[in-house]
Amino acid sequence: MSVIASINCLRGSHEPLRRDVEWNGKCYVGACRHCGKPIERKSHRKWREASVETA
């Protein structure tokens, strides 16, 4: 993991593994390509850590 990617993950801004993103009926969910945490899409190109109900 690059230094910039780890800083972005610590700040709460994640980047998904595009091939693993799925629609769960409510929002798009997936895993962060850098840290592996479950994430959800809040808006276009804005991915944040998944809430408890989504994860």
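## Strands S3 and S4

Strands S3 and S4 run antiparallel and are joined by 4 bridges, in what is a predicted model throughout. Within this pairing, Ser43 stands opposite Lys46 of S4. The two strands form a hairpin that leaves 2 residues between them, and Arg45, which lies in the turn, has a positive phi of about 65°.

## The sheet as a whole

The pairing of S3 with S4 belongs to an open sheet of 4 strands, arranged in the order S1-S2-S3-S4 with antiparallel pairing. Strand S1 (22-23) and strand S4 (46-49) stand at the edges of this sheet, and because each has a single partner strand, one side of each is left without a neighbour in the sheet.

## Strands S1 and S2

The bridge partner of Glu22 in S2 is Val29, while Trp23 has Tyr28 of S2 as its bridge partner. These strands, S1 and S2, form a hairpin with 4 residues between them, and in its turn Gly25 has a positive phi of about 100°.

## Strands S2 and S3

S2 also pairs with S3, again in the antiparallel sense, and here the pairing extends over 3 bridges. One of the residue pairs involved is that of Gly30 with Ile39, the latter being its bridge partner in S3. A hairpin is formed by S2 and S3 as well, with 6 residues between the two strands, and Gly36 in the turn has a positive phi of about 85°.

## Pro38 in strand S3

What is the place of Pro38 among these elements? Pro38 lies in strand S3, which covers residues 38-43.

How far apart in space are Pro38 and Ala50, C-alpha to C-alpha? Although 12 residues apart in sequence, Pro38 and Ala50 are 5.6 Å apart in space when taken from C-alpha to C-alpha.

Note on methods
Residues are numbered from 1 along each chain as its sequence is written. This is a predicted model: local features need pLDDT of at least 70, side-chain atom pairs count only at pLDDT 80 or more; totals for chains, interfaces and linings use all residues. Side-chain values use heavy atoms; hydrogens and water are left out. Two strands pair if DSSP finds at least two bridges between them.
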